[in-house]
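Dear colleague,

Please find below the structure that I am handing over to you. My notes on it follow directly after.

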Amino acid sequence: MKSPIMNENNYKWWGLTALLIGTFAVSLGLSLLFPAMPVIMADFGATVSDVAWLSIAYALAFAALQPVMGRLSDLYGRRRLFVGGMLTFLLGSGVAAASWDILSMSGARFVQGIGAAAIFPAGMAYIGEMFPREERGKAMGIWGIASGAAPAIGPLLGGYLVDWGGWRSLYYFSVLIGLIGVLAPWFILRPSKTEKPSGFDLVGSAWLFAGVGSILVVLNEGRNWGWTSPIIIGLLVTFGVCLIAFLIHEGRTDHPIADMDLLQSPFFLLLAGTAFVSFIALQGAMFLIPFFWQNVQGYTPGNTGAMVVPLFVAMAVCSMLGGTLADRLGIRWTAALGMLTKTLALLLLGFLVIDTPYWYTGLALGLLGVGMGIALPPLSKAIIGAVPPQTMGAASGMFSMVRNLGGPFGVAILSSVFAARVADLATAALDDSGPTLGQFHPCGPAFA
């Protein structure tokens, strides 16, 4: 009897299911860590700047390597890249579970980011290959719902896992669900169509990675090492050299990862810059809030995971609303509404104090999710609508890369500001003429 998976009418849905399992496993494994940051910091005796590398290392690999992985999936097969990405993610999870300090865990998180960078572009391309044009929207919607559900479930589940078995249980759980994410695609998906290998822009990717990595180190460690220290100055010079070399190389290579016409478009730069700033705000807030709830207000990791759910639920619901509003009100007004809502949320978060009730913080996070959900769909729509069909893939890939790079920048910037404010307040508290930690407002007493 012929397997229903081999039936042409059913294969695409079985294949989508396999992609959903793998993508959900990775998204869930990554979002589990959110409520565990303060616990990990305490366990290793690390600083906030040290712990920030857990987010920065992953996000750097994920954002900077996506264009390369997408091209590799075209050349050498999407099933290979998807399954290889899952195995890489599993390796990173296993090393993270056995990590002995922040440095080793940051390295493991970097490996996880490499795996995730292979999974997402390969999955999207597989959907485009398996489904006819008239069904791709539906398939992408289902894939997007599954991808978006994991960040809402992950912190809740992660918090309870930390309460029950410690932070290492998060990575053991990631390995378990990741194994399912490996087996399903390997046995269900067929090898994809591939191009004749013609090369990809490895040199450009190296320049981009080195440049972004240099500036992130500066932002996160500049205060600790000294803003005028030789190593920071050297890293700033490295960033400038890498940026110039990247732009020159991309204008000359036959297989660029960046479309220079897009990079010279003020419209594209405005949209990408807006999304970049949005993710700075989102990831920065997500990084700091667990420290406020656990270290200041005394909540458990389980409480923290449950309390952040309004943010992700609001994002998921309002993403659908944002697309509808963009069709009715126009891209400009919808994006502006989302950005204003997000600005209001950040303003509210700026007035947290030590006895701020949860409903206030939850409201601010919910508004942040509303703003993100409303603002991002019209930005994506504007990008796709502004370029010809033959460059849509390049435009969407560059937009995604720039947007996701906002995450590590947000964590690096806000963790550095946070550490500087705490140090200043601690110094002021020793001076009778200066303000005490409890008198500082806004933000100070909440993070003291």
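In these notes, a residue is called buried under 20% relative accessible area, exposed over 50%, and partly exposed in between (1.4 Å probe, protein chains only). By that rule valine 241, with a relative accessible area of 46%, is partly exposed. The model is predicted, so local features need pLDDT of at least 70 and side-chain atom pairs count only at pLDDT 80 or more, while totals for chains, interfaces and linings use all residues. Residues are numbered from 1 along each chain as its sequence is written, and side-chain values use heavy atoms, with hydrogens and water left out.

Valine 241 is placed in helix 9; helices here are DSSP runs (H or I, at least four residues), numbered from the N terminus. Together with Val203, Trp207, Ile233, Leu236 and Val237, Val241 forms a nonpolar patch on the surface, with about 490 Å² of accessible area in total. Areas come from the Shrake-Rupley method with a 1.4 Å probe, and for residues only the protein chains shown count as cover. Helix 8 (202–225) and helix 9 (230–252) each supply at least two residues, and helix 9 gives the most, with four.

Aromatic rings pair if their centres lie within 6.5 Å (for Trp, the six-membered ring); planes under 30 degrees apart are stacked, over 60 edge-to-face, and the rest tilted. The count is six pairs. One of them, tyrosine 58 with phenylalanine 62, is stacked, at 5.6 Å centre to centre and 10 degrees between the planes. Both residues are buried and lie four residues apart in helix 3 (residues 48–76), about one turn of the helix.

Yours sincerely

Technical notes. Patch = residues over 30% accessible without salt bridge, like charges linked within 9 Å, V, L, I, M, F, W, Y side chains within 5 Å. Salt bridge = Lys/Arg side-chain N within 4 Å of Asp/Glu carboxyl O.
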